[in-house]
Amino acid sequence: MSFFALKTVAVLSMLFDHVYHLFHLELFDQPLEAFGRWAAESFPGPVGDALSWFAGFLILALPYLGRIAAPIFLFCIANGYRHTRSVKRYAQRIFLFGALAQIPYFLYLKAWEARLGEELYIPLNFMFTLGLGLLSIALYEREKEQNPSLALLAAFLPIAAAEFFRTEGGGMYAMLVPAFYLTMELPLQKRAVIWMLFFPVAQLGYWIWLFQGPITGPPLAETFLYAVGPCLGVAVALFYNGEKGHATKTAQYGVYALYPVHFLVLALLGFWMAS
């Protein structure tokens, strides 16, 4: 897949994820549950049972489509570092749109609370995670030339900052940016093996959450979604073919602008439907 195709998949996955979280009851769960009941009543026997099972499967499976986005965006940052003409301007652009998106992001999560009755912790949005991941690569490359013994420590500082400032995904996601960067030139099979071993470690917090789920944590299906779902995004990123694709400057800045705008639109819709 080209870089443009990967980013398109990530954007569509992100939009689906954010729409799903606010409106999954009306748009997905309730219609699918109604379809399952109708199928079971209209087609007694194996056909009805199969259709009803499929509706239930979709209710569980659809959220995974939204888990694809984050690892692909993290990969895009690592790839972007290799091709940008100015790392400084690249980082400034990411943090600028992160700052512009923070209030819409806050409103979106507040609409989520109002719609679903859940109290949410509101972190710094994902743009800050991406920016700190980019800084991790930049510091690593700078120190690798000047002081190789400090390169890994320097790379760790932005990752620690992501965890300390509680950005979305935290240090667990920020560390994936330099990890993608350091493995990008390896053959596909080697990359696949490395990520099969490394990614579960990077997701350690979610795996702990998963095993706590049946006892003290959230429902098992939810924890499994967050522990396993992003693996799909890593798998998609592995199929990057090194080509840029049909990307334009308009499309590039359109993706940046879409981030705060879609949060604001969804927040307004969420508050309207909650009222």
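By the grid rule used here, the count comes to 1 cavity of 30 Å³ or more; a cavity is a set of points on a 1 Å grid over the protein atoms alone where a 1.4 Å probe fits but cannot get out. The structure is a predicted model, in which local features need pLDDT of at least 70, side-chain atom pairs count only at pLDDT 80 or more, and totals for chains, interfaces and linings use all residues. Residues are numbered from 1 along each chain as its sequence is written, and side-chain values use heavy atoms, with hydrogens and water left out.

The largest cavity has a volume of about 30 Å³, the space filled by probe spheres set on the points. Its lining (residues with an atom within 4 Å of a point) is made up of Phe 75, Phe 180, Thr 183, Met 184, Arg 191, Trp 195 and Leu 238. By class, 5 of these are nonpolar, 1 is polar and 1 is charged.

In α5, a kink of about 40 degrees lies at Gln 102, shortly before Pro 104.

Confidence is given by pLDDT, which runs from 0 to 100. The protein has a mean pLDDT of 87, and 90% of its residues reach 70 or more.

Technical notes
1 Å grid on protein atoms, 1.4 Å probe; cavity = no way out; pocket = protein on both sides within 12 Å on 5 of 7 lines; lining within 4 Å. Nonpolar A, V, L, I, M, F, W, Y, C, P; charged D, E, K, R; others polar. pLDDT = per-residue confidence, 0-100. Bend = angle between axes of the 7 residues up to and from the residue. Helix = DSSP H or I, 4+ residues; strand = E, 2+ residues; numbered from the N terminus.
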